[in-house]
Amino acid sequence: MAAPTNQAAWLTKADNPLQVGEAPLPIAGPGEIVVKNAAVAINPLDTHMQDVGVFVQQWPAIFGCDVAGEVSEVGPDVQRFKKGDRVIGHAINLVTGRPQDGAFALYTAVPADKAAVLPDTISFTDGVVVPFAVEAAVCALSLKVPGEALPGISTPALGLPYPSLKDPVPSLSKTLVIYGGSSSVGSMTTQLATAAGIHVICVVGKHNFDFSKRCGAAEVFDHKDPSVVSKVIEAVGKSGHEFVGIFDAIATPDTYAHDLAILAKLGGGHLACVHPPPSDVPANVKAGMLFAVNDIATPVWKDYVTPALQAGKLQCLPPPTIVGKGLEYIQEGLKKSKAGVSATKLVIEL
Ligand SMILES: NC(=O)c1ccc[n+]([C@@H]2O[C@H](COP(=O)([O-])OP(=O)(O)OC[C@H]3O[C@@H](n4cnc5c(N)ncnc54)[C@H](OP(=O)(O)O)[C@@H]3O)[C@@H](O)[C@H]2O)c1
């Protein structure tokens with residue numbers, strides 16, 4: 001049988017279209033697997049990487065975070081996977097800078113600790129919506145001690161427990177507000193927080209109320225409702241639980257204004273953001289920006305993702321929108337992502 005060959009969608013310089021061309025075949029080092037990708041997903045971060053080269057350490061670059069496919073090679077010390085396993089994985093070119101760690105290729109090296117077996121009943125196209133969002137959600141919820149997200153900006157440290165496979169999960173008597181509960185990261189954080197026994201109140205577009213409830217939100221409020229702030233404050237009070245704070249999965253000046261108004265009325269709390277938080281937060285607000293690559297997620301990858309997918313406790317949401325089949329469609333996916341999506345994840349099948 002001929003040796004496999006690799007191709008990738010390369011970024012040769014910032015603000016240029018991706019170019020599909022040959023690429024070296026990744027090699028699985030210690031703690032790694034190589035995945036023959038059947039589907040990859042687009043994240044807003046990818047569009048920033050293409051536009052300005054943020055996080056690119058080596059040119060030309062292969063980036064992208066989400067893969068689903070079959071294990072084609074297993075690193076020397078990896079026990080959890082074998083060749084041929086169907087998996088989903090979080091590719092971390094973002095931190096390593098190595099082209100072989102980027103998702104936008106036919107083959108990608110993935111840390112075994114950031115991968116999980118995908119149950120046979122779930123397609124690669126559905127499964128690929130999960131990886132980056134899962135890691136982001138764990139980083140938003142479960143860090144106990146703040147680390148560094150970017151120079152001078154600390155991560156949040158909400159210290160909340162990991163999701164549980166128990167059904168029903170016992171209540172923790174804590175309430176968390178998630179702003180942007182219909183986004184990929186917001187909806188996954190809703191799923192994991194709910195599975196940890198947390199009462200989640202989501203702020204989403206009205207058209208996504210049902211979607212957010214499907215992810216576990218106990219209550220939902222429309223981000224365009226002029227009374228959204230007072231309605232959220234009232235709902236937190238009525239929940240009768242300890243108020244943890246807000247996870248802002250949108251993180252714009254408008255959402256920050258709402259966050260700070262809610263926190264001011266509720267006596268402060270955590271403000272975990274997907275971008276740098278406002279600089280002028282009051283002393284009773286613990287603000288941070290998540291950085292979605294962290295070993296804190298390893299137990300969730302190892303012990304939760306596969307059985308939770310199997311049990312239907314972890315759902316492949318938001319559902320995928322297939323942009324096309326082939327590496328050539330990644331550029332179109334990036335363009336579509338920039339135009340904005342609502343409660344869906346853009347996926348390219350390979
Ligand atoms: N720091 C990190 O490590 C990290 C990791 C992952 C992502 N991010 C960042 O997090 C952000 C979200 O990423 P994503 O992939 O989750 O995004 P996404 O799925 O593309 O977000 C789209 C969703 O955002 C919602 N939305 C937009 N404006 C809103 C508002 N004002 N209020 C409430 N919802 C609003 C829309 O909801 P409706 O249709 O319901 O209005 C839509 O469903 C991006 O900026 C990304 O770069 C950061």
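**Around the ligand**

Analyst: Helix 5 gives the largest share of the shell around the ligand, three residues. Helices (H or I, at least four residues) and strands (E, at least two) are DSSP runs, numbered from the N terminus.

User: Before we go on, what kind of model is this, and how are residues numbered?
Analyst: This is a predicted model: local features need pLDDT of at least 70, side-chain atom pairs count only at pLDDT 80 or more, and totals for chains, interfaces and linings use all residues. Residues are numbered from 1 along each chain as its sequence is written.

User: How many residues surround the ligand, and which are the closest?
Analyst: The ligand is surrounded by 27 residues. The closest are Ser-183, Gly-205, Val-274, Ala-292 and Ser-342. A residue is near a molecule if its C-beta atom, placed from the backbone, lies within 6 Å of it.

User: Which elements give two or more residues to that shell?
Analyst: They are helix 1 (44-52), helix 5 (184-195), strand 11 (199-204) and helix 8 (253-265).

User: What is the shell like by class?
Analyst: It has 15 nonpolar, eleven polar and one charged residues. Ala, Val, Leu, Ile, Met, Phe, Trp, Tyr, Cys and Pro count as nonpolar, Asp, Glu, Lys and Arg as charged, and the others, Gly among them, as polar.

User: How is the chain divided into domains?
Analyst: The protein chain splits into domain 1 (6-129 + 319-349) and domain 2 (134-289). Those bounds come from an automatic or database domain assignment.

User: And where does the ligand lie?
Analyst: Between the two domains, because domain 1 and domain 2 both give residues to its shell.

User: What separates the domain centres, and how many residues are in contact?
Analyst: The centres of domain 1 and domain 2, taken over C-alpha atoms, are separated by 28 Å. Six residues of domain 1 are in contact with six of domain 2. Contact means that the C-beta atoms, placed from the backbone, lie within 7 Å. On the side of domain 1 that touches domain 2, the residues divide into two nonpolar, two polar and two charged.

User: New topic. What's in the largest nonpolar core?
Analyst: That core has 121 residues. Ile-33, Phe-104, Val-128, Ala-136, Ala-137 and Leu-290 have the most contacts inside it. Helix 4 (residues 131-142) gives the largest share, nine residues. Domain 1 and domain 2 each supply at least three residues to this core.

User: What counts as a core, and as buried?
Analyst: A nonpolar core is a set of buried Ala, Val, Leu, Ile, Met, Phe, Trp, Tyr and Cys residues joined through C-beta atoms within 7 Å. A residue is buried if 20 or more other C-beta atoms lie within 10 Å of its own, exposed if 12 or fewer, and partly exposed in between; C-beta atoms are placed from the backbone.

User: What does Ala-136 touch?
Analyst: Not counting residues up to four places away in sequence, Ala-136 touches Val-185, Met-188, Leu-290 and Ala-292.

User: Back to helix 1. Which of its residues are buried?
Analyst: Asp-46, Met-49 and Gln-50. They cover an arc of only 95° around the axis, which puts them on the same side of helix 1. The arc is that of the directions from the helix axis to the C-beta atoms. The buried residues of helix 1 pack against helix 10 (329-339).

User: What follows helix 1?
Analyst: Gly-53, with a positive phi near 75°.

User: Where is Val-305, and is it buried or exposed?
Analyst: Val-305 lies in helix 9 (residues 298-311). Val-305 is buried, with 23 other C-beta atoms within 10 Å. Leaving aside neighbours within four places in sequence, Val-305 is in contact with Ala-116, Val-134, Val-300 and Leu-314.

User: Now the backbone. Which residues does the cis peptide bond with omega about -10° join?
Analyst: Trp-59 and Pro-60. Pro-60 is in the loop between helix 1 and strand 4 (66-74). The peptide bond from Asp-167 to Pro-168 is also cis, with omega near 0°. Most residues other than glycine have a negative phi, and most peptide bonds are trans.

User: What is the phi of Phe-55?
Analyst: It is near 70°, a positive value in a residue other than glycine. Phe-55 counts as partly exposed, with 14 C-beta neighbours inside 10 Å.

User: And what about Ala-343?
Analyst: Ala-343 has a positive phi of about 50° although it is not a glycine. With 23 C-beta neighbours inside 10 Å, Ala-343 counts as buried.

Terms used. Contact = placed C-beta atoms within 7 Å.
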